[in-house]
Amino acid sequence: MSEVKTAVLIRTRHPRQKPTEPDATEYSYEWAEILKQQFETSGWQVIDLAIDNAITSQVESILQDAKNEVVIFYGHGFPSCMIGQNLEAVINLNNMSLLKNKKVYVMACWTTQELGKKAESVVYCYLGYNQPVSFRLAYSDYLGKCVNKGILKMLNTDGCTFEDARQEIIAEYNYWIKHFKGKGMLAHWFATDLRENRDALRLLGGAGATL
Amino acid sequence: MIQSKILLVDDEQGVVAQFKEALTSEGYTVETAYSGEEGWEKYQHNYYDVVIVDWKMDKMSGMQLLENIDKMHQSTKVIMITAFADENPDIAVEAHHHHAFDYLPKPIDRNTLLQTVAEAMQRKDGVIAALENWVIAHPEEAVRPQKATFSLMGESQVWSAKDILEEIKNNTEFGREEYRKLFQLTIDLLTRGEVE
């Protein structure tokens with residue numbers, strides 16, 4: 001009997017700074033929920049470090065286990081770190097050795113710029129963004145489709161590599177850019193976000209890695 | 001209705017007063033600067049539909065100011081004026097090289113000034129004009145939170161369309177980035193019809 005594979009899902013959901021202004025993580029939290037359900041349906045065990053569990057102590061404890069080799073982060077990012085629920089730098093330049101031999105899939109702003117680049121020597125591979133990831137609230141579901149596309153493709157397709165996943169994500173972005181361009185001000189604006197997000201996607205380390 | 005805004009840069013106070021009176025009488029909002037440095041300082045932090053700049057000023061010349069504006073926002077409509085047109089016929093060529101909208105030798109009569117400014121206004125920045133029109137036509141939607149990002153950098157992570165228009169007009173880093181994105185995708189659509 002084959003061993004059950006495990007994915008570590010780290011996802012924040014930050015409170016609103018103003019009652020009328022939703023935080024972007026309200027949306028990414030739900031996109032990550034889709035991942036969790038699909039992984040579990042496919043027979044994976046998901047260690048869900050959600051909201052109050054998306055903090056440094058929990059993340060460090062879980063990542064120390066070498067079995068947990070797939071790490072998914074959905075939340076806010078800086079060039080040098082992924083940001084946890086209490087605004088701590090949960091994975092940063094000082095504890096990035098925790099990512100040793102991990103396959104890392106990140107939906108956050110900036111993180112490949114510094115953290116990903118420096119972690120490249122220890123990770124198995126690292127897929128993330130080197131610029132801000134932004135969107136228009138009215139079209140949030142479509143960004144969710146783009147950012148989830150790569151990992152779901154790997155989950156559902158034998159032999160699908162991180163490089164294949166990267167290309168799938170770009171194709172998904174291109175599809176929705178074409179769909180929304182020139183379709184009114186807000187839709188066109190959303191297309192500009194997708195275009196920038198697409199161009200910010202970076203794959204570091206072993207492009208041939210699979211889940 | 002969004003009032004069109006003009007920056008008037010000339011070290012001759014009499015010219016500034018005379019032009020300002022003529023332009024405000026037509027309903028334009030006019031801000032003034034009495035040196036190239038002052039004009040550049042104001043330009044960097046505000047949006048102007050049209051900039052009128054005198055060629056000869058101490059320290060930062062009108063041409064230098066035009067060059068700076070050209071590097072920052074090539075689509076800004078700059079009208080270069082000078083009392084030295086006869087002595088320096090190359091000024092007009094150089095001004096056009098830096099994308100000046102027009103070049104007027106002094107003395108400039110009221111009608112010529114107003115007509116040239118009106119023509120420049122008709123060709124105002126297309127991205128900003130489109131945004132302004134959209135904000136006016138969709139007053140409720142324009143103030144709703146609209147854009148979000150997965151970064152905690154900066155004071156805000158959520159913006160309305162009206163906020164973004166203000167950021168663009170105030171020439172902030174965020175505003176310039178939004179403008180660049182819109183402009184780039186629009187250019188892609190116009191030139192290739194595609195975005196790859």
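I took helices (H or I, at least four residues) and strands (E, at least two) as DSSP runs, numbered from the N terminus. I took axes as lines fitted to C-alpha atoms, for helices over the stretch in contact, with angles running from 0 to 180 degrees between N-to-C directions.

I noted that this is a predicted model, in which local features need pLDDT of at least 70 and side-chain atom pairs count only at pLDDT 80 or more, while totals for chains, interfaces and linings use all residues. Residues are numbered from 1 along each chain as its sequence is written, and chains are lettered from A and ligands numbered from 1 in the order in which they are written.

**Entry: two helices of chain B**

I looked up α1 (residues 13-25) and α5 (residues 110-122) of chain B, whose axes come within 10 Å and cross at roughly 55°. The two helices are therefore oblique to each other (under 35 degrees counts as roughly parallel, over 145 as roughly antiparallel, 65 to 115 as roughly perpendicular and the rest as oblique). From α1(B), the contact is made by Phe19(B), Ala22(B) and Leu23(B); from α5(B), by Arg110(B), Leu113(B), Leu114(B) and Val117(B). I counted residues as in contact if their C-beta atoms, placed from the backbone, lie within 7 Å.

**Entry: chain A against chain B**

I found that the contact takes 30 residues from chain A and 17 residues from chain B. On the chain A side, α6(A) gives the largest share, seven residues.

**Entry: strands across the chains**

I saw that β9(A) and β6 (residues 145-149) of chain B pair in the antiparallel sense over three bridges; pairing requires that DSSP find at least two bridges between two strands. Phe135(A) stands opposite Ala148(B) in β6(B).

How values were computed: Two residues are in contact if their C-beta atoms, placed from the backbone, lie within 7 Å.
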